[in-house]
Every structure is written in C-alpha cells, then in structure tokens.
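Good morning, and thank you for coming.

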Amino acid sequence: MLGAATASYRGRICVRGISAIPAFIISRILQAIPVLLIVGFIAFALFAFVGDPVNIMLGTSYTEADRVRMTHELGLDQPFLVQYIKFIWAVLHGEFGVSYRLARPVSSLIAERLPATAELSLAAALFAMLVGIPAGVYTGIYRNAFTSRVFMVLSLVGVSLPTFLIGILLILVFSVLLGWLPSYGRGTTVAIGGWTTGLLTVSGLKALVLPAITLGLFQMTLIMRLVRAEMLEVLRSDYIKFARARGLTNRAIYFGHALKNTLVPVITVAGLQLGGIVAFSIVTETVFQWPGMGLLLVQSIQVGDIPVMSTYLLLVAVLFVIINLIVDMLYFAVDPRLRVGRAR
Amino acid sequence: MSALLDVQDLSVDFPTRRGRLHALDRVSLSIQPGEILGVVGESGAGKSLTGAAIIGLLEPPGVIVGGQVSLEGRRIDKLPPEQMRRIRGRQIGAVFQDPLTTLNPLYTVGRQLVETMQTHLGLSDRDAKARAVQWLVDVGIPGAAERVDAYPHEFSGGMRQRVVIALALCAEPKLVIADEPTTALDVSIQAQVIALLRRLAREHGTAVLLVTHDMGVIAETCDRVAVMYAGRVIEVGSVAAVVHRPSHPYTEGLMASIPALRARVDRLAQIDGAMPRLNAIPPGCAYNPRCPKVFERCRHDRPNLMPAKETQAACWLYAEGAVHG
Ligand SMILES: Nc1ncnc2c1ncn2[C@@H]1O[C@H](COP(=O)(O)OP(=O)(O)O)[C@@H](O)[C@H]1O
Ligand code: SF4
Ligand SMILES: [Mg+2]
C-alpha cells in the first residue's frame, strides 16, 4: 500500500516542455564532439606511432635522401600537435590519406566498399528486428507454448555459437548440400550514381540472404530475449490489468499497450546492437567474401595499411555517435515522461 | 426486484506445491441495480479476489473451483474469454487502487478514453474524442479540452483517479467494481474522489461494489455492506444494521474497536489475535480462536450465512434452536 505522503509526492503535476527537444539534440551533438576528437586522436596516433609509413612506401631499396624527402612530403617532420590538427582538418574535408597497399585515396576506396556493407548491415538489422520483435512478443505472451520453447532453445544456439561457425554451417546446408543460395560474393550488382546495389537483381538478393542471417542472428536472438523479458514484466503491470478490465482486445493490449512499453529498453539495446552489426560485419564479410568495408579492413590489417584502418575506426565512431543520437531521439518519441525535465 | 449481480457460493483456490489454498470459500453476495454495496475486511480477507473473480481476471494459478456468478440472471463465470472481454468495461467497469500505476504512461488520457469507448460503443473518432472531453469535464478535470491530450504523468494522483473513474464509466457499465479507490490517495482528497464516484453512480444509475477500509466511507456512501473474513462473507446487511447493530461477533469487535467512524479497519482492529493465514484456517468457524462467544459447534462445523437479528451472519449463534444468543 502506498503511503499518502508518497502518493502526493509522486503525483505532483508536471508541466510539459516541448521546447526541450531541439535543445536536447544540440547538447547531445556537443557532447559527441569530444568523443569524436578522442577517437580522431587514436586514429591519428595509429598513423604516427604504429608502423612506419615511410618505410612501407619506400619499399626495400632507398637512399637516406629519399627517406628525408619522403618524410618531409608526408609532413612527418612537423611537430606532433601540428600533425594532429592537420589530420583533423583533412578529415573534416573528406581527405583520409592514401592507402599504402593500393596507392589510392582511402576516401574513394571506402566509397566503393560502403554500399556493400551498408546493404548487408541494413538487411541484417531488418532481419534482427522483424524476426526478433514478433518472436519476443509471441514467446512473452505464450511463454509455455511448445513453439515458444522451441524459439527459446534456438535462440540459445544463436547466442552461443560464434558468427563464423554459423556462417559456415549455413553455407554447408544451403549452398553445399541444398545448392539453393550462393556461398560468397554479392551476385550481380547495378550501379546507381556512385552506389552499387545488389538489391535490384535476383542473384544479388539471393547472395544477401545467408550473410544477412549470419550477421543478424546474434542480434535477432538478443532482441527476441529482451522483448520477451520486457513483455513478461509489462504484462504484470497494473495498467495492463486495467486495460483488460476495460475490456480492450488482446490485440490492442499486446501490440499496443504492452509492446509500446517494452520499446524503451529495447531501443537502447537494439540501437547499440545495430552499431555492433556494422562492427561484426568484419567476420561475416570474411566468411562470405563480401566485398564490403570489413573485408577491406581485414586485407588492410594484414599488410599494416594504417590510413585505411584509422579511417575505418573514425567511421565506426561516427556511426555509433549517430546511432546514439537516433536512440535518444526515439526515446523522446516513445516516452512522453522524458519530455519534461525529470518526471519521476 | 431481481439482482443485477448475483454471486453464489463462489470458491477460489490457489493450487500450490503444499496443497490447495482455499482463498475464497463459498462467497455469496448480490447487488441490486443502482445499489452501492460496501465490502470491508482486513487485508487478505479476499476482497480483491472476489472482484477479480467476478470480472474474470483471476490471476493464475488462482482458479474458480465452485459456485457461480450471474449478471442480470445470466451466468458469466464460465463464458469464453472473448465474450467475457465484451462484458468487462461494457457491463462491469473497474476502478483500481493505485492511480499512479493504473494508467498506461505512454498513452494520452484522451486516447485511453477513446479506445475504451470505441472498443465497446463503436463510436467515430470525432464522437469518441468529444465524449472523452465531456467525461473529463464530468469527473472534474479543469481545462478538460486541453488536458485530454495530456499524459498521465502530467496529472496529480487525485486527478489521475478521476481519469480512472471516467475510464471505468465511459462505456456505461451497469456495475463498477471499485477496489479501495482512495487508499493510495492523499487523505485530503479521498472524500472528494468518493463523492465523485457516488455522484456519477447515482446519475448514471450504476451499481457499485465498493471495497474500502474506511468505515466512514461505508456509512456515508453505501446502501448495504458485506463483511469478509478469511475468504468468506461473514455478515451482510444494511449499513445501519451492520455498523450499529451487528450480529456477528467479528463485526461487533470490528465496530467496537473503531473509536470514530472516520477510521481505517486495518489499522485499528484491536481484536485479540490476527486473521489466520490461508494455510492455517482452523476447522469450523474461521473466527473461533478469537471469538469471545465460541462454543463447541464452532470448532467442527463451518457456518454459512443465515438470518440473524437484522442482518445475515455466518455464525452458529443464530442457528435455529440455538440458545446462545
Ligand atoms: N497468487 C496467489 N497465490 C497464493 N495466494 C494468493 C495469491 N493471490 C492472493 N492470494 C491470497 O488470497 C487472499 C486474499 O487476497 P486479496 O483478495 O487480495 O485480499 P484483500 O481482501 O486484502 O483484497 C490473501 O490471503 C492472499 O494471500
Ligand atoms: S460461529 Fe462460533 S466462533 Fe464463529 S463467530 Fe459465531 S460464535 Fe464465534
Ligand atoms: Mg485488496
């Protein structure tokens, strides 16, 4: 039983503050700047301290004069801070240096590889959410049903098996044994402007299926388990009991009242996990020889191609910052209590 | 006059690993159209379970094991879930205890009213919205036209309970089950909320099953009152008779222990001992270990409601031929 004092304290009238939204977003962007500067610093430190670009670019036979000239050309004889500022300046202008391995600007290498990774990650994210959320709702509502138990056991497999093993198993079954789907590559792609897409051809779509499932499986099971746990929690709440007492339909209760209340925690985890999808695409792209940024990174790490590595690092950092921002804005959209300073 | 709600010998069990707990034992009560029936009793007496069983929302593993519930002469305790859903809200509304947790925090109060009315009354969006505003006016929400788009957290506890009352009544049910509707509220606004409930019930001709700890509320609000003890209704009668001239020894003790009517049963019960837990209900009359008038039969046989002075009481003192009165 609630004490009367607590009740009156908790029930204090709150005033709405719509104007808080833009201010909130701006403050979040400002908060992200130091994060990006620090990541930029790490990326730059990779440049400056890991490997010796001069060595790599000169090859095996060179004179000391060549070496000094090259060092000067690359600006490596300047003070550290100057180099860092120059680096940031260049990054802000979209200049990420030149790949040691391929002797081409990193920006154009990334631009070539970005569509493949973006389409794969998007497909994996859609798979994770479109399967994970309904499966979580279902297993939350019918927690004792046979199908729910099957889902839960399968999800354990998804959580515990490593990505590469899942990829290899899928290849074994669907490519080698059944021969339904290709085991590597993107299939036929179509170029639209600077973007090569595999979404417009049958072979492109077919090629997407196994890598997307492999990449999204972990996140799918995680989202499903999270939605299920939240659903069980919410279904015990008073407002769900009251919704039943008002005679609302099961559909309105489960997919309206209950699901919406599970969304806040789900958004947090799902948001971070979608960032994880891009990061984990390295493994999947390697298993399926998917010509994306992850594969580019692996090839670059093998030969110490620092500009590509540091650019990748920066991109992932920016991506996480953007995802976090979107997550915060979704909170605002979902939970009206956040629109006041602090409601509770 | 035929009863609106008739509960006969309703029994509810909780199967547990160590046997079945009999949480409700042959509970019987009836409510006439438009009548306000109070239900009092200590915590754990089974008041909330009775309400939940009536509207078909017993929580598992709780299960009805006997008796029947009839609404306007039609049995409703064995209806398929979908038919029972149509009765909830439309025929029998509910007001819960804690308005801070009863409303969905993510939906505006208007939306919650609109969806309730549209579910049961098939109104257009416009009509439903207009009626939602009218309901907020009726329950005394200032600035209802704007507040209809506000979220629950923007209302105080008392205002939220007014919204809950609007939600319980908006599909025009014939009966509202209000389970301690003011217990969680600030003492200063409890009377207002009860007065509102009483006024709306009278205006709409709605019957109310009002569970409360507050004997003052019973005295001022109710037509009749039922007293529950250890999962049974042990006395039922007109408010005047039960409060001032009770028949059952437990009710006598209960009334005697309340110095002023404006007091809570729970806190002031000064009868020796405590209500038994469900797994330790004594054989015979459940009250017999505490009863000052206990005699031999009380320890073996369990009494049902029987005519006693001006009320009905479950007490062997009033058995035919009894000489102990
Ligand atoms: N899920 C449950 N399992 C076992 N016993 C329960 C359960 N829910 C309620 N009870 C018991 O049922 C009895 C009646 O509870 P309730 O109707 O809530 O009492 P009150 O009169 O205070 O509203 C209590 O003794 C309680 O312990
Ligand atoms: S039946 Fe016996 S024990 Fe029970 S209340 Fe009556 S007199 Fe007391
Ligand atoms: Mg209760």
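First, the conventions. The model is predicted, so to speak of local features we require a pLDDT of at least 70, side-chain atom pairs count only at pLDDT 80 or more, and totals for chains, interfaces and linings use all residues. Residues are numbered from 1 along each chain as its sequence is written, chains are lettered from A and ligands numbered from 1 in the order in which they are written, and side-chain values use heavy atoms, with hydrogens and water left out.

Let me begin with the cavities. On a 1 Å grid over the protein atoms alone, a cavity is a set of points where a 1.4 Å probe fits but cannot get out; a pocket is an open set with protein on both sides within 12 Å along at least five of seven lines; and lining residues have an atom within 4 Å of a point. Grid points are joined across faces, edges and corners, and a volume is the space filled by probe spheres set on the points. By these criteria the structure holds 4 cavities of 30 Å³ or more.

In classing residues, Ala, Val, Leu, Ile, Met, Phe, Trp, Tyr, Cys and Pro count as nonpolar, Asp, Glu, Lys and Arg as charged, and the others, Gly among them, as polar. The lining of the largest cavity then has 10 nonpolar, 2 polar and 1 charged residues.

Turning to the ligand itself, a residue is near a molecule if one of its heavy atoms lies within 4 Å of it. The residues around ligand 2 include His248(B), Tyr287(B), Asn288(B), Lys293(B) and Leu317(B), together with the cysteines Cys285(B), Cys291(B), Cys298(B) and Cys315(B). This shell divides into 8 nonpolar, 2 polar and 1 charged residues.

The second largest cavity holds about 70 Å³ of space. Among the residues that line it are Tyr229(B), Arg232(B), His248(B), Cys285(B), Tyr287(B) and Arg302(B). Its lining has 7 nonpolar, 1 polar and 2 charged residues.

I come now to the largest pocket, with a volume of about 1,700 Å³. Of its 47 lining residues, Lys241(A), Arg244(A), Leu57(B), Leu58(B) and Glu59(B) are the closest to its centre. By class, 25 are nonpolar, 8 polar and 14 charged. Which element gives the largest share of this lining? It is helix α1 of chain B, residues 47-54, with 7 residues. Helices (H or I, at least four residues) and strands (E, at least two) are DSSP runs, numbered from the N terminus.

How far is that helix covered? Buried means under 20% relative accessible area, exposed over 50%, and partly exposed in between, with a 1.4 Å probe and protein chains only. In α1(B), 6 of the 8 residues are buried, among them Lys47(B), Thr50(B) and Ile54(B). Just after α1(B), Gly56(B) takes a positive phi of about 70°. Further on, Pro60(B) and Pro61(B) are joined by a cis peptide bond with omega of about 10°, and Pro61(B) lies in the loop between α1 and β4 of chain B.

In chain A, helix α4, residues 64-73, has 1 buried residue out of 10, so it lies largely in the open.

Most residues other than glycine have a negative phi, and most peptide bonds are trans. Two non-glycine residues with positive phi deserve mention. Ala103(A) has a phi of about 55°; it is found in the loop between α5 and α6 of chain A and is exposed, at 60% relative accessible area. Asp9(B), with a phi of about 50°, is found in strand β1 of chain B and is partly exposed, at 37%.

Finally, Ala123(A) in helix α6 of chain A is buried at 18% relative accessibility. Ala123(A) and Ile213(A) are 90 residues apart in sequence and 8.3 Å apart in space, C-alpha to C-alpha.
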